[in-house]
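These are my notebook entries on one structure, set down in the order in which I looked things up. The sequence and the structure come first.

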Amino acid sequence: MRYDEYRAHDAVGLAGLVARGEAHPTELLQAALDRHAQVGPAINAVSLLMDQVGKELADRPERSGAFAGVPFLIKDLVQDYAGYPTSAGTGPLRRIPAERHSVVVRRWLDAGLVVFGKTATPEFGSKGITETRTFGATRNPWDLGRTPGGSSGGSAAAVAAGIVPVAGASDGGGSIRIPAAHTGLFGLKPGRGLVSSGPVLGDPLFGAASEGVLSRSVRDTARMLDILAVPDAAAPFHIERPERPYFDAVSDAPRRLRIGFSHDSPLGTPVHAEAVRAVENTAALLESLGHRVESATPQLDGKQMATDFMTVWTAVAAAELAEACRRTGARPGEFDVDTQVLAAVGRAVSAPALVEAQARWNVYTRALAEFHERFDLLLTPTLAEPPLLIGQNRTPAALERALPPLLKLGAGNVLPRTDFYRELVTANLAAVPFTQLANITGRPAMSVPTHWTAMDLPLGTQFVGPPGSEYLLLQLAAELETAVPWADRQPPVTRR
């Protein structure tokens, strides 16, 4: 199969070719592998190639499931494939093979997907960029000098570059929506508990993290959600599903919606003119489609929310690093310096401080709930600025050299109480200040590729809904996809 034939179909379309006998899974896999061989060295999206696994799956005589025969990549974080390591972007964890499939991987295999590799992620998924000491930098197919975002940056780059039409992703602070916005893709973060993160994790990051996918088409994500949003008997709680399949949302026009929009950063930091334009143009488009749109924002303290989010985030980072060292026998110095800093700060968080910060998440949840009493959805930029240059968010080399000895002297115990740390939190979230609210509150949210900058870079817009609004979000996304189609827009690397 030629690449242009392969790229012309989304995952639902490729599955249809297989079902009708018009293509064989081995053909599709070879097209994916050929594409990876062509663009892989440039974008560095795949951290672990499992081509032999893919060939065995593609050669199976029996084929069943909604995506039977479609090539697929899973994220190298949480999404365990038995017998292969889940590195979480680290060097030490590459040595430890997973004992069993994670729940989402098992569901993807049951759906007939042909898994042939894992995609790059920053260490422990802790950044909105995908650059590590172990794997290097993953690059954006729209501009190889820029990041595809993170933490699902490898998946985003692979889908945008045409290696696969859809790929596994996850989102604990924006890690589906941020890379979607960077690469011109559709990314839906399901609400808390809808998709199982088991069997290793129950309610990861205190309910902030969700498993999902990145895709070129809305219908691929909708069908994937039908596959993933199946109750897990071992899950910590049960979430009601809609009566109709999520896939129906694609052809089911939404009612006229009340949408509140804002392009002001909750941190009070600058927002690029292109991000403002993205929201304003999307708001105008929504009005032309008959929706009621007005300027509005949830009433909350964005700076305090960022601090409370980072308190929990660093405490979890400390626990993850300690567990990785225990499992592998590695020393903290074998991990990225940024990981060591996050963990050192997290170790300095007292138990009462952690409880107090996490308890304040309820304040933000109630503020968003009050907003949704007036509006069906919240519209914001996904990013505060166009995709960053590779290395733009990297810790300066001199500071990287100085930090490890300072941490050994106990600097991590002092750092969280300093103005420098508070400024550091603001600086690190300044490019992505809009996404954490949906994670903290456990609400579903999506990034839709409605805008391209003057430099022809994608810059998505975000919609946040109330609990259980995944169906509504998919309805609106499908309406926007029809109004401003994006699937046929190809970045420079795919035009080679």
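Is T121 buried or exposed? The model I consulted is a predicted one. I found T121 in the loop between β3 and β4 (131-132). T121 counts as buried because its relative accessibility is 2%, and the cut-off for buried is under 20% relative accessible area.

**Entry: surroundings of T121.** I listed the residues that T121 touches, leaving out those up to four places away in sequence: K75, D76, L77, A88, G89, T130, T132 and S151. With S151 there is a polar detail, as the side chain of T121 reaches the backbone oxygen of S151 at 3.1 Å. I also checked P61, which is 60 residues from T121 along the chain, and noted that the two C-alpha atoms are separated by 33 Å.

Entry: I turned to S151, in the loop between β5 (136-137) and α6. The peptide bond that joins G150 and S151 is cis, with omega about 5 degrees. I then looked up A88, in the loop between β2 and α5. Its phi is near 55 degrees, a positive value in a residue other than glycine. A88 counts as buried because its relative accessibility is 6%.

**Entry: helix α6.** I asked how many residues of α6 (residues 153-160) are buried. The count is 8 of its 8 residues. They are G153, G154, S155, A156, A157, A158, V159 and A160. I recorded that they pack against α3 (25-43), β2, β3, β6, α7 (177-183) and β8. Just after α6, G162 has a positive phi of about 85 degrees.

**Entry: helix α5.** I found α5 (residues 103-110) mostly covered, with 6 of its 8 residues buried. The buried ones are V103, V104, V105, R107, W108 and L109. What covers them includes α4 (51-58), β2 (71-75), β3 (114-119), β6 (166-171), β8 and α8 (218-228). After α5 comes G112, with a positive phi near 90 degrees.

**Entry: strand β7.** Which residues of β7 (residues 186-189) point one way, and which the other? F186 and L188 point one way, G187 and K189 the other, and all are buried. In general, side chains in a regular strand alternate between the two faces of the sheet. I noted that β7 runs antiparallel to β8 (residues 210-215), with 2 bridges joining them, and that G187 stands opposite L214 in β8. To β12 (residues 445-448), β7 is joined by 3 bridges, again antiparallel; there K189 has A445 as its bridge partner.

**Entry: two loops beyond these strands.** In the loop between β7 and β8 I found P199, and the peptide bond from G198 to P199 is cis, with omega near 0 degrees. In the loop between β12 and β13 (461-464) I found D456. Phi of D456 is near 60 degrees, a positive value in a residue other than glycine. D456 is partly exposed, with a relative accessible area of 30%.

**Entry: helices α10 and α11.** I looked up how the axes of α10 (residues 302-328) and α11 (residues 337-347) lie: they come within 7 Å and cross at roughly 110 degrees. That angle makes α10 roughly perpendicular to α11. On the α10 side the contact is made by M310, W313, T314, A315, A317, A318 and L321, and on the α11 side by T339, L342, A343, V345, G346 and R347. I classed the residues of this contact as 9 nonpolar, 3 polar and 1 charged.

Notes
Residues are numbered from 1 along each chain as its sequence is written. This is a predicted model: local features need pLDDT of at least 70, side-chain atom pairs count only at pLDDT 80 or more; totals for chains, interfaces and linings use all residues. Side-chain values use heavy atoms; hydrogens and water are left out. Buried means under 20% relative accessible area, exposed over 50%, partly exposed in between (1.4 Å probe, protein chains only). Helices (H or I, at least four residues) and strands (E, at least two) are DSSP runs, numbered from the N terminus. Two strands pair if DSSP finds at least two bridges between them. Axes are lines fitted to C-alpha atoms, for helices over the stretch in contact, and angles run from 0 to 180 degrees between N-to-C directions. Angles under 35 degrees count as roughly parallel, over 145 as roughly antiparallel, 65 to 115 as roughly perpendicular and the rest as oblique. Contact means heavy atoms within 4.5 Å. Ala, Val, Leu, Ile, Met, Phe, Trp, Tyr, Cys and Pro count as nonpolar, Asp, Glu, Lys and Arg as charged, and the others, Gly among them, as polar. A polar contact is a pair of N or O atoms within 3.5 Å; within protein, one must be able to donate a hydrogen and the other to accept it, and residues adjacent in sequence count only if both atoms are side-chain atoms.
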